[in-house]
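Q: Could you show me how to read the placement of a single residue, and then how to read a contact between two chains?

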Amino acid sequence: MAKFSREVHTVDGVKTVVHTAGSGEPLVFFHGAGTVDGFDFAEAWTDRFRVIVPYHPGFGESGDDPTFTDLHDYVMHYLELFDLLKLDRFNLVGLSLGGYLAAKFASEHGHRVKKLALIAPAGMIDPQHPMMDILAVPGDQVPGLLVSNFEVLKKHLPAQPDLDFIGERYREAGTVARLLWEHPGDPKFMRYLHRVKNPTLILWGDEDKIIPVQQAETWRKFIPNADIKVFKGAGHLVHLEKPEAVEAVAKFLS
Amino acid sequence: MSAALRFNSMHFMPYVHLPENHKEHKSLWVNFSNKHYDPDKGYDLYQRYLRELVLADQLGFDAIVVNEHHNTVYSMMATPNLLAATLIPQTKHAKICVWGTPPNFMYPNRLAEEYAMLDVLSKGRLEVAFPLGTGMEYWANPVNPATAREKFKESLKIIVQAWKEDGPTSFYGNFYTYRFLNPWPRPYQRPHPPCYIVGTGSPETIEIAAEFGFGYSAVFVTQQRAAELNENLRKRAHHFGHTIRPEQTPIMSFVYVAETQERAEQEYIGHLQRFFEDFTRTTPQFLAPPGYLSVDQLKMRAAMADKLHGTFDFKAISNAFFVAVGTPDNVANQIGDWTQRMKTNHVNCVTHVADMPHWKTVKNLTMIAEEVMPRLRSRAPAAHRMAAE
């Protein structure tokens, strides 16, 4: 398994950090609304894929662009980045908020996407099985809601959060608020979701406390060419808790 | 510049009937259930608090101050303009200060209209302050805290344009489009009532005050910090071509006067303690919704909160903040000292806090008006030479 190397790009004036490793068909991973859990898990893909993990603007090592107020700004950002990286066609994997973004990207630019994998994606308005309003949850309670087995997340968290850690989490929450504070769900997104024609895999942990696993079926109603894989005993960060979920993505994309 | 020292009486109108187990609630803001609000008790409190503000006018305070907060026992002034409208016919001389409605929670034209109405209704006695709104208000109102500062600035532009320019004008912004900005009535005072920005010291907010040439009322900051902020405001305002006058930087202070020092402390300290420990009690999450503060400000405030953590210490608080409690002489000396050091002639006195009973508020207002103000006014010119420098 290859280690990631770090590239720094400037995309439309925004510092954009991209971690890449491995060789093979390109696999782009969109992270979720926080980056504290890191990308170690993705090393398992590097023996079969060229793995490309960008930090979204406003998260982790990438810079801020306070003019980004809409998920579509991120779609445009990635069109620019993929052109810059000369990535014409690639596999796209998105986690949570990154799943929302990946599905939106595929609904608009499906011809650029080979296969699509969505890990506990956000963005679905499902009144029967609503997503938890994570912006309303006190920061110190969030980690406990992300996983069923806290040990897998614990190693990514500082024993005692310092000001830098708190500041970084606050920054990422602020980025999310810019996008979702007033409208956590966008009915237009669902309206156009049927345009995703790519082979799609939807992965979920059956103990997800943030987005109920029942939403997997709702997603399949919108994306006809989708399969579902549910992992027992896993929470929202199913890819951290279940290595077999990471492997299932690789198998599906191969 | 007027040489007169100016005294305001400021009220929060708290809902004081807290349930016995209220300490179990980490926050008396945002999510503290309104089932605890009894309208009968609320009626009595409104009657009483309004009488206290009217009394301040009768006793010779230069201004009475109302303000806005939501979802909290801290304040029953959800829409301060209603209170201002109630107070106008009951008062004669005092300026009516609505300090104020966060513009983000209203359409800017509507706020311009309401303030203009109050100004005309009072024949030019209105003063307004524009707060961004505390973090807590952004959990209560459907407005994005992460874009609050941009929206705030745009709202101010619209309000000032509506007041200064003959309508109709138009405005095309990021948040608002006005094809016919032409609010009736216009303010009584030309071009508009005196304006302040209220804040707790974010440099971003001071920059806005400086740009518009507005006053800045620093609230809940230490004396040292207030001095720094005012100095910074003067500097930054100068950069934008404005000169900040002494009355534009009011001191927000907690004042209580009694016959002796001991008696003043004995009558007051418990209420001040409950103000800080109960009525302002909330969580870090509610204080700083996502994106409301810059990351630097968030870290600074988190570090400060760690330092301040501990039991209520009256001596420490009164040394650090603007708190004057004691005899008329002591309080007058302290206020005189502040006005010189802060280079201002404008003292905004919080005359009622927390569960202070009516008799103490009446006593306090009377003592300030009859004992403290004359002492300071007799020596005001000296203070004001300093202030004007």
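Q: Where is Asn141(B) found?
A: Helices here are DSSP runs (H or I, at least four residues), numbered from the N terminus. Asn141(B) lies in the loop that joins helix H4 (135–140) to helix H5 (148–164) of chain B. This is a predicted model, in which local features need pLDDT of at least 70 and side-chain atom pairs count only at pLDDT 80 or more, while totals for chains, interfaces and linings use all residues. Residues are numbered from 1 along each chain as its sequence is written, chains are lettered from A in the order in which they are written, and side-chain values use heavy atoms, with hydrogens and water left out.

Q: Is Asn141(B) buried or exposed?
A: Buried means under 20% relative accessible area, exposed over 50%, and partly exposed in between (1.4 Å probe, protein chains only). Asn141(B) counts as buried because its relative accessibility is 15%. Leaving aside residues up to four places away in sequence, Asn141(B) touches His70(B) and Phe105(B), where contact means heavy atoms within 4.5 Å.

Q: How is the size of an interface given?
A: It is often given as the accessible area lost when the parts come together; here that loss is taken with a 1.4 Å probe and summed over both parts. Chain B and chain A bury about 1,500 Å² between them, with 64% of it on carbon and sulfur atoms. Asn144(B), Pro290(B) and Lys299(B) supply 32% of the area that chain B buries against chain A, more than any other three residues.

Q: How many salt bridges does the rule find across the interface of chain B and chain A?
A: A salt bridge requires a side-chain nitrogen of Lys or Arg within 4 Å of a carboxyl oxygen of Asp or Glu. The rule finds two across this interface, and the side chains of Arg178(A) and Glu150(B) meet in a salt bridge at 3.1 Å, N to O.

Terms used:
Helices (H or I, at least four residues) and strands (E, at least two) are DSSP runs, numbered from the N terminus. Buried area is the accessible area (1.4 Å probe) that two parts lose on being put together, summed over both.
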